[in-house]
Amino acid sequence: MDSSIFSLHPSSPLILSLAASCPNSTCSLGLSSPSGSFSFGPRHLDFSSVSRRLMAAPSPAASDNKATTANGGVGNGLFKPKIVNGDYGYVLEDVPHLTDYLPNLPTHSNPLQDNPAYSVVKQYFVDVDDTVPQRIVVHKDSPRGVHFRRAGPRQKVYFDSDEVQACIVTCGGLCPGLNTVIREIVSTLYSMYGVRKVLGIDGGYRGFYARNTIDLTLKVVNDIHKRGGTILGTSRGGHDTKKIVDSIEDRGINQVCEKLFVDQMGINQVYIIGGDGTQKGAALIYEEVRRRGLKVVVAGIPKTIDNDIPVIDKSFGFDTAVEEAQRAINAAHVEAESGENGIGLVKLMGRYSGFIAMYATLASRDVDCCLIPESPFFLKGEGGLLEFVEKRLKESGHMVIVVAEGAGQELISETKSMTDASGNKLLQDVGLWLSQNIKDHLKAQKMPINLKYIDPTYMIRAIPSNASDNVYCTLLAQSCVHGAMAGYTGYTSGLVNGRQTYIPFYRIIETQNKVVITDRMWARLLSSTNQPSFMCPKLVAEKRKEMQMATEAQPSGQLMDDGNTGADKKAANKEVRA
Ligand SMILES: Nc1ncnc2c1ncn2[C@@H]1O[C@H](COP(=O)(O)OP(=O)(O)OP(=O)(O)O)[C@@H](O)[C@H]1O
Ligand SMILES: O=P(O)(O)OC[C@H]1O[C@](O)(CO)[C@@H](O)[C@@H]1O
Ligand SMILES: [Mg+2]
């Protein structure tokens, strides 16, 4: 067994509480027929259809008695989190399961065990009790801490292949790898689970009730991973939970797709690919589905080019975007080097989180100054940006500046703030604003300059994913499908410490992942660019306190983390005090 994966030992007291809430553990195996699985033959669909529509959902309070409760909740907070506590501070933040509110669902043997491609695999299935720790760096006496359920195929599945009617939707901004995820969900459903009914929802959440859909077959998705964008289209705004669940349940989709959905059943597996906003919407859909007592899995795949989703190691497409950003930075450098007092200014995406700018800067080594939303700066006076620009030009004759689109917004916008259809703040063009201020300042100093402003914003997210992101997308998609087939719901599939996991929605949507400027990664950047921090000592102290409070409340999932999470810092502070 891998050391980063903890298995709950069946004899430990922990298993007792887990068995009560985990459908795949001993208690639900008791449902199996002597042959090891329930099989309802051709009538099975009828049974499911009845269970989808008629089985009364227990009241949230009753159904949640199975798990220890904790603060927080999903969406409207109707359903409490499933938290399992074990020895030595072990905590499992578990994901919901269909049997939490539909207790008598039949199980089936996982068809993967008859798949020739998997015949060589030593262990077909992931142990149902395997979990993955959120914190990988620990001290001798640290508690074992928070864990998530390990993703992967389970021995028992809760859907018969013929019964599955899946749909996929993509929402929010574009991101490299969206098509790969779509392709691999379809391919996993078809090739591993023998599913034949997969539908693409057109144009984001509103596509659920706009009734435009695409039949996703292996042929349709075959080459799509080579293209940027999403073949399904995407959108912002337009989330209406009730209308979406009405459509999932029995309207719209099966009517449009008469060829496939002759039995008039609704969708029973919903795969939702999108960022923080999308996952909030997914959490609401899950709650409504559960409230109605439907046998419908709601599963998310985190998509965010800004890498602003917490808990996960990093988001798919991020590497591709950083790689593509190098081309813009290289061009800026070439331009800057070639003119008198040349300045290459590159604006990169990053609304609230400056990860793309930070990683593109660290990768390039040609950058003299990187500005991100998390690190406030000021323009004029001693220690300000303009003084630094002037100094660097005098020293080197040229410079490259990388700015994240969300940086310095508080300095620019005096106009009334506007929002997009999803409620996200619309940003002012920090690149143009910086260009003008730098030009004005250096003109006043009588310094001739050559400033070239490059804005590759959409170019870094509209491209197809690179090879490593393609593999990442494949694993994410496969994990997500395995979870749905195993009956888990209300989860986002995500990579945690290099392992695929199922993370409850509430953990994904409760905070945003941000660059922690008091961590070593930002210090590495400052030492690579040799830029000042642009912060007065008082502000640094305030930031440090702010960050400490935030990280102590919640260990953050920093990209290539040093292990400098809140909990580690707590432990470190304890040592210092001792
Ligand atoms: N709080 C919310 N509740 C329900 N739905 C939401 C919420 N926030 C956003 N959505 C819906 O999710 C979809 C996408 O949201 P948004 O435009 O914010 O993008 P995102 O998923 O955060 O992706 P990204 O920001 O990475 O582009 C939209 O259809 C929006 O209506
Ligand atoms: O112009 P659009 O499509 O709204 O997207 C812009 C936003 O999308 C993001 O890439 C997030 O998806 C942000 O970085 C950016 O502000
Ligand atoms: Mg977002």
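Q: What makes up the lining of the second largest cavity, by class?
A: The lining of the second largest cavity has seven nonpolar, three polar and no charged residues. Ala, Val, Leu, Ile, Met, Phe, Trp, Tyr, Cys and Pro count as nonpolar, while Asp, Glu, Lys and Arg count as charged and the others, Gly among them, as polar. Among the residues lining this cavity are C370, L371, I372, W522 and F534. Both β14 (369-371) and α18 supply at least two residues of that lining.

Q: How do you know what you're looking at, and where does the numbering come from?
A: This is a predicted model, where local features need pLDDT of at least 70 and side-chain atom pairs count only at pLDDT 80 or more, while totals for chains, interfaces and linings use all residues. Residues are numbered from 1 along each chain as its sequence is written, chains are lettered from A and ligands numbered from 1 in the order in which they are written, and side-chain values use heavy atoms, with hydrogens and water left out.

Q: What makes a space a cavity rather than a pocket?
A: It comes down to whether the probe can get out: on a 1 Å grid over the protein atoms alone, a cavity is a set of points where a 1.4 Å probe fits but cannot escape, and a pocket is an open set with protein on both sides within 12 Å along at least five of seven lines. A residue counts as lining if it has an atom within 4 Å of a point. By this rule there are five cavities of 30 Å³ or more. The second largest cavity has a volume of about 50 Å³.

Q: How much space lies in the largest pocket, and how is a volume defined?
A: About 840 Å³. A volume is the space filled by probe spheres set on the grid points, which are joined across faces, edges and corners.

Q: Which residues line the largest pocket?
A: There are 39 of them, and G173, R236, R351, D420 and N424 lie nearest the centre. By class, that lining has ten nonpolar, 15 polar and 14 charged residues. Helix α10 (residues 276-291) gives the most, with six residues.

Q: What makes α5 and α16 oblique?
A: Helix α5 (residues 178-192) and helix α16 (residues 467-485) pack at an angle of about 45°, with their axes 8 Å apart. That makes α5 oblique to α16.

Q: Is each crossing left-handed or right-handed?
A: The crossing of α12 and α18 is left-handed, whereas the crossing of α5 and α16 is right-handed. A crossing is left-handed if the near helix is turned anticlockwise from the far one by less than a right angle, and right-handed if clockwise.

Q: Why does Y506 count as buried?
A: Buried means under 20% relative accessible area, exposed over 50%, and partly exposed in between (1.4 Å probe, protein chains only). Y506 comes in at 5%, so it counts as buried. Y506 is found in helix α17 (residues 505-509). Y506 and K80 are 426 residues apart in sequence and 9.7 Å apart in space, C-alpha to C-alpha.

Q: Why is N530 called exposed?
A: Its relative accessible area is 55%, so N530 is exposed. N530 is found in the loop between α18 and α19 (537-553). N530 also has a positive phi of about 60° although it is not a glycine.

Q: And why is V311 called buried?
A: V311 has a relative accessible area of 5%, so it is buried. V311 lies in the loop between β12 (297-302) and α11 (318-338), with a positive phi near 75° in a residue other than glycine.

Q: What makes D429 partly exposed?
A: The value is 26% relative accessible area, so D429 is partly exposed. D429 sits in the loop between α14 (409-412) and α15 (430-444).

Key
Helices (H or I, at least four residues) and strands (E, at least two) are DSSP runs, numbered from the N terminus. Axes are lines fitted to C-alpha atoms, for helices over the stretch in contact, and angles run from 0 to 180 degrees between N-to-C directions. Angles under 35 degrees count as roughly parallel, over 145 as roughly antiparallel, 65 to 115 as roughly perpendicular and the rest as oblique.
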